[in-house]
Amino acid sequence: MTKENQKPTHRDVVPSVINFLSDELFEGDYKEQPLYLQEIFELLMHTEFGDDINLRHKILSCLRTSRNLVETLSPFSEKQIYKACRSNRKLAQ
């Protein structure tokens with residue numbers, strides 16, 4: 001059975017998260033993401049589109065998720081995170 005035909009299991013979650021984090025670390029400073037999102041969303045709120053309660057809930061959810069990620073990773077240096085992702089990514093493959 002090829003990998004494409006297999007159904008994902010709960011064991012596939014951690015490698016997927018590791019791959020996500022590893023990819024994110026290459027895309028710039030993840031620690032600044034909540035501030036970037038907040039700035040974008042504050043500007044959006046002053047527009048006609050920002051006057052939508054459902055959109056505001058989604059915005060707050062995105063900010064919360066981004067802040068939680070930064071808070072979770074904050075005890076670790078970027079070097080530690082990179083090294084952990086790199087070594088675990090090899091194991092996941």
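L35 counts as exposed at 52% relative accessibility, where exposed means over 50% relative accessible area, buried means under 20%, and partly exposed covers what lies in between, with a 1.4 Å probe and protein chains only. The place of L35 is in helix α2, and helices here are DSSP runs of H or I with at least four residues, strands being E runs of at least two, numbered from the N terminus. The model is a predicted one, in which local features need pLDDT of at least 70 and side-chain atom pairs count only at pLDDT 80 or more, while totals for chains, interfaces and linings use all residues. Residues are numbered from 1 along each chain as its sequence is written, and side-chain values use heavy atoms, with hydrogens and water left out.

The chain as a whole has 4 helices and 0 strands, so named by the DSSP runs, and its elements run α-α-α-α from the N terminus on. Of its 93 residues, 16% are buried. The chain exposes about 7,800 Å², of which carbon and sulfur atoms supply 57%; accessible areas come from the Shrake-Rupley method with a 1.4 Å probe, and for residues only the protein chains shown count as cover. Among contacts (heavy atoms within 4.5 Å) between residues at least 6 apart in sequence, 75% join residues at least 24 apart.

| Pair | Apart in sequence | C-alpha to C-alpha distance |
|---|---|---|
| L35 and R67 | 32 residues | 9.0 Å |
| Y36 and L63 | 27 residues | 9.6 Å |
| F41 and L63 | 22 residues | 9.1 Å |
| K31 and E71 | 40 residues | 8.7 Å |

Helix α2, which spans residues 33–45, also holds Y36, and F41 lies in helix α2 as well. Y36 counts as partly exposed because its relative accessibility is 41%, whereas F41 counts as buried because its relative accessibility is 13%. Leaving aside its neighbours within four places in sequence, F41 is in contact with I59, C62 and L63.

S66 is found in helix α3 and is buried, since its relative accessible area is 11%. When neighbours within four places in sequence are set aside, S66 is in contact with Q33, P34 and L37.

K31 has its place in the loop between α1 and α2, and its relative accessible area of 32% makes K31 partly exposed. Not counting residues up to four places away in sequence, K31 touches V70, F76 and E78.

On the surface, V13, V14 and V17 form a nonpolar patch with about 250 Å² of accessible area together. Patches are made of residues with over 30% relative accessible area and no salt bridge, with like charges joined within 9 Å and nonpolar side chains (Val, Leu, Ile, Met, Phe, Trp, Tyr) within 5 Å; a salt bridge is a side-chain nitrogen of Lys or Arg within 4 Å of a carboxyl oxygen of Asp or Glu. V17 lies in helix α1, residues 13–25, and is partly exposed because its relative accessible area is 44%.
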